[in-house]
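Q: Could you walk me through this structure, starting with how it was made and then going over the ligand sites and the core?

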Amino acid sequence: MTSREASQAPLEFGGPLGVAALLILLPATMFHLLLAARSGPARLLALPAYLPGLEELWSPWALLLFFIWLGLQVALYLLPARKVAEGLELKDKSRLRYPINGFQALVLTALLMGLGVSVGLPLGALPGMLLPLAFATTLTSFIFSLLLYAKALVAPASALAPGGNSGNSMYDFFLGRELNPRLGSFDFKYFCELRPGLIGWVFINLALLMQEAELRGSPSLAMWLVNGFQLLYVGDALWYEESVLTTMDIIHDGFGFMLVFGDLAWVPFTYSLQAQFLLYHPQPLGLPMALLICLLKAIGYYIFRGANSQKNTFRKNPSDPSVAGLETIPTATGRRLLVSGWWGMVRHPNYLGDLIMALAWSLPCGLSHLLPYFYVLYFTALLVHREARDEQQCLQKYGRAWQEYCKRVPYRIIPYVY
Ligand SMILES: NC(=O)C1=CN([C@@H]2O[C@H](COP(=O)(O)OP(=O)(O)OC[C@H]3O[C@@H](n4cnc5c(N)ncnc54)[C@H](OP(=O)(O)O)[C@@H]3O)[C@@H](O)[C@H]2O)C=CC1
Ligand SMILES: CC(C)CCC[C@@H](C)[C@H]1CC=C2C3=C(CC[C@@]21C)[C@@]1(C)CC[C@H](O)C[C@@H]1CC3
């Protein structure tokens, strides 16, 4: 297939019409959440009381701040890494190399921020800039995705993603045509997936905490919990950075608007919704309830980390003592599928743990509003859809062995429910 021939891969996300809707709906939802979080009624399901004018959205300072942030993260990405990992084999039998220094980037960013705050950097002013920052990031995401689309037009056929090469420009712009767009050894998708948005989310949360301390004397218990839980999640993702190299985002999906906007804008501005909500709507939280929520978070994390580590260890070294005793099914590819341990409980135990953690992030916000539960609702939809896509890919990869696995482990995410 040449780069100008369209692939026959089935269309996802409702095809061109579906992605046209998503191109509008995703940014609109993000701005709706940003506005709702600061509004008095904080309603998830009501239209905003007013629409911000361009003067409220556009600020060259916000754009500059976003580029300084990107520049800092690029610089940290380029620092010597403790390890350079190889990705999975590509169509042309080559393997790309990726620096494993995301956790180092998080720690260095924290040190720089600490230093900055100690000499007067007004981190607490960030919450007031979220709207123009989100606007600048969205604008940049559209332009960056267009550049990536143009770059893919001259990429060799072997560099294209299986799904983003339908021949419909809007669909391919959304899904991404090129699988691993790079400039030299700088990998745009890998960089964006784990650095600017994920680390940005942590510092937006921290800025909201500092602002709350400024407003009310000290941060609330609910704000501490949300900050702590989400920092653990981001720290974990960066500590286990190498495992992102086997996710469908890296090995299957192209780098188009969906991931560009998702990584750069959606993650920092919507995943910080609970902390945004708490700044404008303080919630009382007693110690017993806080302890119960911590227990829920611990259970979710235990399942999430246990399941992810078990699969990653098994894929790296099936004779590792921690996984050697697990029951498996052989497949025609030579790889085996786990059918006991976490992966014998449901077919996506890691999603179950992630969903439990999502609930624990929202509960500190109390039960008076639906808004802070947006993440739980969105994430359930995302994981159900993602699970269906992964099943399809596994069925193609493993055929009868996958059918056998589904028979042995009938539930997808929640035991005896789904
Ligand atoms: N917060 C967020 O917004 C998001 C978080 N996540 C989280 O990221 C993590 C990664 O998720 P995701 O990328 O979807 O994929 P998974 O980590 O669930 O990996 C799925 C892959 O695992 C392998 N696999 C499936 N079943 C078995 C088995 N029984 N034995 C051995 N290998 C098996 C298959 O690949 P193969 O056989 O090729 O190894 C399959 O394609 C999850 O914890 C998820 O919750 C994901 C998306 C968004
Ligand atoms: C804009 C759309 C709604 C879709 C956006 C999807 C992205 C936000 C997510 C796609 C896969 C992701 C992963 C993570 C963050 C969210 C995105 C980028 C993690 C890095 C989160 C931490 C986990 O430990 C690993 C995840 C890998 C997939």
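Q: Before anything else, what sort of model is it, and how are things numbered?

A: This is a predicted model, in which local features need pLDDT of at least 70 and side-chain atom pairs count only at pLDDT 80 or more, whereas totals for chains, interfaces and linings use all residues. Residues are numbered from 1 along each chain as its sequence is written, with chains lettered from A and ligands numbered from 1 in the order in which they are written.

Q: Okay, how is the protein chain divided into domains?

A: The division gives domain 1 (14-42 + 57-88 + 95-282) and domain 2 (284-418), with bounds that come from an automatic or database domain assignment. Their C-alpha centres are 23 Å apart, and the contact takes 24 residues from domain 1 and 23 residues from domain 2, where two residues are in contact if their C-beta atoms, placed from the backbone, lie within 7 Å.

Q: And which elements make up the domain 1 side of that contact?

A: H1, H9 and helix H12 (273-280) each supply at least two residues of the side of domain 1 that touches domain 2, and the largest share, nine residues, comes from H9. Helices here are DSSP runs of H or I with at least four residues, strands are E runs of at least two, and both are numbered from the N terminus. By residue type, that side of domain 1 divides into 16 nonpolar, seven polar and one charged; Ala, Val, Leu, Ile, Met, Phe, Trp, Tyr, Cys and Pro count as nonpolar, Asp, Glu, Lys and Arg as charged, and the others, Gly among them, as polar.

Q: Switching to the ligands, which residues come nearest to ligand 1?

A: There are 20 residues around ligand 1, and Thr-247, Leu-338, Trp-343, Asn-350 and Asp-354 come nearest; a residue is taken as near if its C-beta atom, placed from the backbone, lies within 6 Å of the molecule. Two or more residues of this shell come from each of helix H13 (287-316), strand E6 (336-338), helix H15 (349-362) and helix H16 (374-398).

Q: Where does ligand 1 sit relative to the domains, and what is the shell like?

A: Ligand 1 lies between domain 1 and domain 2, because both give residues to the shell around it. That shell has eight nonpolar, six polar and six charged residues.

Q: What about ligand 2, which residues are closest there?

A: Ligand 2 is surrounded by 15 residues, of which Ala-237, Asp-249, Gly-262, Asp-263 and Trp-266 are the closest. Helix H7 (188-194), helix H9 (221-239) and helix H11 (257-271) each give at least two residues to the shell, and H11 gives the most, with six residues. The shell around ligand 2 divides into nine nonpolar, two polar and four charged residues.

Q: Moving on, which residues touch the most other members of the largest nonpolar core?

A: In that core of 99 residues, they are Leu-34, Ala-37, Ala-134, Val-226 and Leu-278. A nonpolar core means a set of buried Ala, Val, Leu, Ile, Met, Phe, Trp, Tyr and Cys residues joined through C-beta atoms within 7 Å. H11 gives the most to this core, with 11 residues, and the core lies between domain 1 and domain 2, because both of them give residues to it.

Q: What does Leu-34 touch?

A: Not counting residues up to four places away in sequence, Leu-34 touches Leu-130, Leu-131, Ala-134 and Phe-269.

Q: Is Thr-137 buried or exposed?

A: Thr-137, in helix H5 (residues 130-153), counts as buried because it has 27 C-beta neighbours inside 10 Å. The rule is that a residue is buried if 20 or more other C-beta atoms lie within 10 Å of its own, exposed if 12 or fewer, and partly exposed in between, with C-beta atoms placed from the backbone. Thr-137 and Ala-265 are 128 residues apart along the chain, yet their C-alpha atoms are separated by 5.8 Å.

Q: Last one, which phi does Lys-93 have, and where is it found?

A: Lys-93 has a positive phi of about 75° although it is not a glycine, and it is found in the loop between strand E1 (84-86) and strand E2 (97-99). Lys-93 counts as exposed, because it has 7 C-beta neighbours inside 10 Å.
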